[in-house]
Amino acid sequence: MRAPELRARVVHANQELVRHGLVHLTWGNVSECDREEGIIAIKPSGVSYAELTAESIVIIDWDGKTVDGDLKPSSDLATHLEIFRNFDGVGGVTHTHSTAATAFSQAGKPLPCFGTTHADHFFGEVPLVRELNEEEVAEAYEENTGKAIVEHFQNAGLDPLAVPACLQKFHAPFIWGASAMDSVKNAVALEMCCDMALKTLSLNPDAQALPSHILRKHYLRKHGPGAYYGQG
Ligand SMILES: [Zn+2]
């Protein structure tokens, strides 16, 4: 069996989605890539999180071909691949239909940065990525979803490592990070920020975005060369 440690990390990260309440049924998947080996490990399609084993994880090459594993990979594989191929430094991708983040997707709203909880994880608004048109859906739905995400970040000049998530209109969030587990942590943070934002807006529909000097302070004390948060 190829890449046993990578497989074990991907099993653990997928099961963490359940522990954090981010998935119901099988509505979510996590992958991790090994850029040196040129492989991606991803959850198999339709398998329950409790039944996941290292053997059940599917190993894919950079072209999307299965190189090790008996099961079919997650149907969202092609979206994960587009993110890995185009966002340097991303090592893990998570997709869920977590309730609060999906509510923003369905409402067609980006997630404003309303406070420091958000600023600790995302350097500003989490963007809304457009829905696909009829041809894009018919041609290659999952691959074109990934292309729409990449296109949005490129056109907006957004750094995918500083804003490691997006909300796709009519769909749900896609989240990434340095590893599978890091992308799950960002997925937890996104869901909490969306939940807080819904409550913020219900208390005050005119709530202001966090002033940029506080946004910068909170983001940069945890990220980048001047970071000083934690024991690192
Ligand atoms: Zn989905």
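What follows covers the core, the helices and a few loop residues.

This is a predicted model, in which local features need pLDDT of at least 70, side-chain atom pairs count only at pLDDT 80 or more, and totals for chains, interfaces and linings use all residues. Residues are numbered from 1 along each chain as its sequence is written.

**The core**

Let's start inside. The largest nonpolar core has 54 residues. Such a core is a set of buried Ala, Val, Leu, Ile, Met, Phe, Trp, Tyr and Cys residues joined through C-beta atoms within 7 Å. A residue is buried if 20 or more other C-beta atoms lie within 10 Å of its own, exposed if 12 or fewer, and partly exposed in between, with C-beta atoms placed from the backbone. The residues with the most contacts inside this core are V10, A41, V126, A165 and L190. Helix α6 (residues 180-203) gives the most to the core, with 8 residues. Helices (H or I, at least four residues) and strands (E, at least two) are DSSP runs, numbered from the N terminus.

What does V10 touch, leaving aside its neighbours within four places in sequence? Its partners are V30, S31, E32, A41, I42, K43, I57 and A180, where contact means that the two C-beta atoms, placed from the backbone, lie within 7 Å.

**How the helices pack**

Two pairs of helices can be set side by side. Axes are lines fitted to C-alpha atoms, for helices over the stretch in contact, and angles run from 0 to 180 degrees between N-to-C directions.

| Helix pair | Angle | Axis distance |
|---|---|---|
| α3 (residues 99-107) and α6 | about 65 degrees | 7 Å |
| α2 and α5 | about 30 degrees | 7 Å |

α3 and α6 are therefore roughly perpendicular to each other, a label for angles of 65 to 115 degrees. Their contact is made by A100, A101, A103 and F104 of α3 and L190, E191, C194, D195 and L198 of α6.

In the other pair, residues of α2 including L77, L81 and I83 meet residues of α5 including A140, G146 and V150. Helix α2 (residues 77-86) is mostly covered, with 7 of its 10 residues buried. These buried residues are L77, T79, H80, L81, E82, I83 and F84. Their cover includes the strands β1 (28-34), β2 (39-42), β3 (58-61), β5 (92-96) and β8 (173-177), along with α5 (134-156).

**One face of α7**

In helix α7 (residues 212-222), the buried residues are L215, H218 and Y219. Seen down the axis, they fall within an arc of 90 degrees, so they line one face of the helix; the arc is that of the directions from the helix axis to the C-beta atoms. They pack against α4 (116-119). After α7 comes G224, with a positive phi near 90 degrees.

**Loop residues to look at**

Most residues other than glycine have a negative phi. L25, not a glycine, has a positive phi of about 50 degrees. L25 sits in the loop between α1 (4-19) and β1, and is exposed, with 9 other C-beta atoms within 10 Å. F170 also has a positive phi, near 70 degrees. Its place is the loop between β7 (165-168) and β8, and with 12 C-beta neighbours inside 10 Å it counts as exposed.

Finally, G115 is found in the loop between α3 and α4. G115 is 93 residues from Q208 in sequence, yet their C-alpha atoms are 9.2 Å apart in space.

Definitions and conventions. Angles under 35 degrees count as roughly parallel, over 145 as roughly antiparallel, 65 to 115 as roughly perpendicular and the rest as oblique.
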